[in-house]
Amino acid sequence: MEPIPDISKLNINDSINTTTATTPTTTSPTTTVTTPNKKPQQQQNGKQAAKVALLTDEQIKKCLPILKCEIKDCNIQMNLDHFNNGLPIHMVINKETNDFVIVKVDNQELEEYQLIYSVPKIQSFKKDILIQQPQQQQQQQQQQQQQQKSEEESTDVDEKQEEKEEKTTGATTTTTKTTKFNSYYISNKWNGMNIQVFKYNGIDGKVYISAKPRASPFVQNDLKSGPIIDFVNEIFSRDQIEITTENDGNYFKVTTNFNNNNNNNNNNNNNETTTNSDGATATVNNKLVIPKLIEPLFLKKEKDVQSIVFELCGNKLPHIVKYDFDIDLKPLFTISTKDGLIKPIIDNKDGQIEFVQYVTTTTTTTTTTTNNNNKEEEKEKEKENKKLIELIEEIKIKLLKENQEFRKVNGLSENMIWFNHFLQEGRVLYLLNDQGTLVNHRQIYSIKPKDAERSHWEQFDNGIQTKLLMTIKEMTEKSISIDKDTLRKELDLDQISWNRHENDICSLALPPVVTTPLSKSKLVITCGLPACGKSYFSQAISERSNGAWKRINQDDLGTRKKCEDLLKQYLKAGHNVIIDRCNQDIGQRRNWIKMAASLGVSQVHLIWFTIDQTICKGRIVVRENHPTIPKGDEGIAIIDKFLTMFVPPSEYEGFASFTKVSSEQESNDLIEKYISTITIEN
């Protein structure tokens, strides 16, 4: 039987190409040029791409105080605004926040650079967001002290003592700390793609409207995400406002291109939309119109509104939630030009879905009262916050029941969470001040039931990988051949979803091609929690094998990259190797299989140490001099974190053998088995 080709590096998005050029210094940011629809000239000629200086050092440095970051924390890019006919935009991007400064529009430098605030990453709600107990406050203060320790070392002795006294004063907190806010808003958490519609300035007073997903500067149509621009324009065209001589003074004139995607399909439609080259918006039946959904971006009285953020969702863009509509933009919040302040769009229309809640609290965010009144207010605030925590727990339970009932009615499995398996993804919590903006700057909280917490269809995460392995198991049991066609059929994927994850699915499901000549080397992958006995086992094999087995340990080497480099060196030299690390998820374990295959090694074995977590924690409390994990409570916290990330291995991941070790005795027995095998071979 011929080996199945490895298509893990197949590029299904041939219409988009990216050329990366970086400046020579090690502290320089990443520089990216994105070009559409054709290969860069350097690639066509088979030559290495030349380094491109998109912006001068002076231009880049000018952006740093605006972005509030250092040059090493930036990317310099030129991106095409596909919402405006491929307009080239030069920008500097803050890697952490995704905020960016526009430096050039249409290759012309702006007199005043413009900062565009991006959508912050939503955070999972935790109880201590509303109420912090004294112990939690002290832990937080200790973390802050550790973060500032390096700064202290660079100051004078007197300054260090003064800072230490200030920190110690606040470290003895014995009262409960509550988060103060004027109101809270709980909205539906729509399940789709985040779309931020924003405006930016060009040369000669031009103002452009564009759109972006959360993690990149501009939306575009592509195979993986789908025809996003077409979807957005289709929705914009549904409800539009006519600009007349009476209301013309209320609006900015904006240069943009709202292409109605119906033009491509319905050329005979009398309601055809065209671009107004003079700068307003679009023309429908010789009338100037703007999309009602984004009217605030055009209104002069709303001049501080920089962005309106939506969730693009519906059956045409499938995710984990099953909707009863094709495609829509659901308004979420606005972002202001003033410090990026976020204000949720609160819809109080009649017939609004019952779970949307807006509540004004009895206490305020700022007070100037006496100490006694302050204590009473603190107690009242704590009581209100506890009620909100109880409400959130009730919401999570209710949503879980609704999702379970939905799956039961539709004959969907509880154990194989997949797209369209949910009725609700969750809710979103906004804590607001008296101005209706977020109390905690740019912090938005998600409230999810347990089933939705472990499912995210946007990424090829552990949940989807586990689902895929379960499908492979079923196909194997049914004697169904595993290839691209059968995988798509058994996974029941639509075209957009398949395009999004085809490479990842095939890379995991199809065995990698083992290169020739075949190697006699063997590779053993260990897997399990910290302190479960992986290193004890690996060291014993390495030390007693007289050089037949080499041990690679990431705690000793520092990074996975160094482990990978050493593995290549050992396998090329014909050694057997043990990878001594946690390897806590499918992707990490798969990485070693693919590396081994590329070097002609087909014998890759997994040893899973299933030692009970209580034993691991007992060991870590007393363990001394570990290079990366401290002993005591901090080490226990690391094990708890690993437990949340750990994905149990499966025999269908592609290992030559799969062994579980559940006790120290079993580990010792396996060590003797390996050593005796070496003796027999010799």
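How many bridges join strand 25 to strand 28, and do the two run parallel or antiparallel? Select residues 522-527 and 603-609: six bridges join these strands, and they run parallel. Strands here are DSSP E runs of at least two residues and helices are H or I runs of at least four, numbered from the N terminus; two strands pair if DSSP finds at least two bridges between them.

Before going on: this is a predicted model, where local features need pLDDT of at least 70, side-chain atom pairs count only at pLDDT 80 or more, and totals for chains, interfaces and linings use all residues. Residues are numbered from 1 along each chain as its sequence is written, and side-chain values use heavy atoms, leaving out hydrogens and water.

Click T526 next; opposite it, in strand 28, stands I607. Now show the whole open sheet: five strands, paired in parallel, in the order 26-27-25-28-29. Strand 26 (549-553) and strand 29 (657-661) sit at the edges with a single partner strand each, so one side of each has no neighbour in the sheet.

Helix 14 (560-572) lies across strands 25, 26 and 27, at about 170° to strand 26.

Last stop: I102. Leaving aside neighbours within four places in sequence, I102 contacts residues including I89, L110, Y113 and Y200.

Note on methods:
Contact = heavy atoms within 4.5 Å. Axes fitted to C-alpha atoms, helices over the stretch in contact; angles between N-to-C directions.
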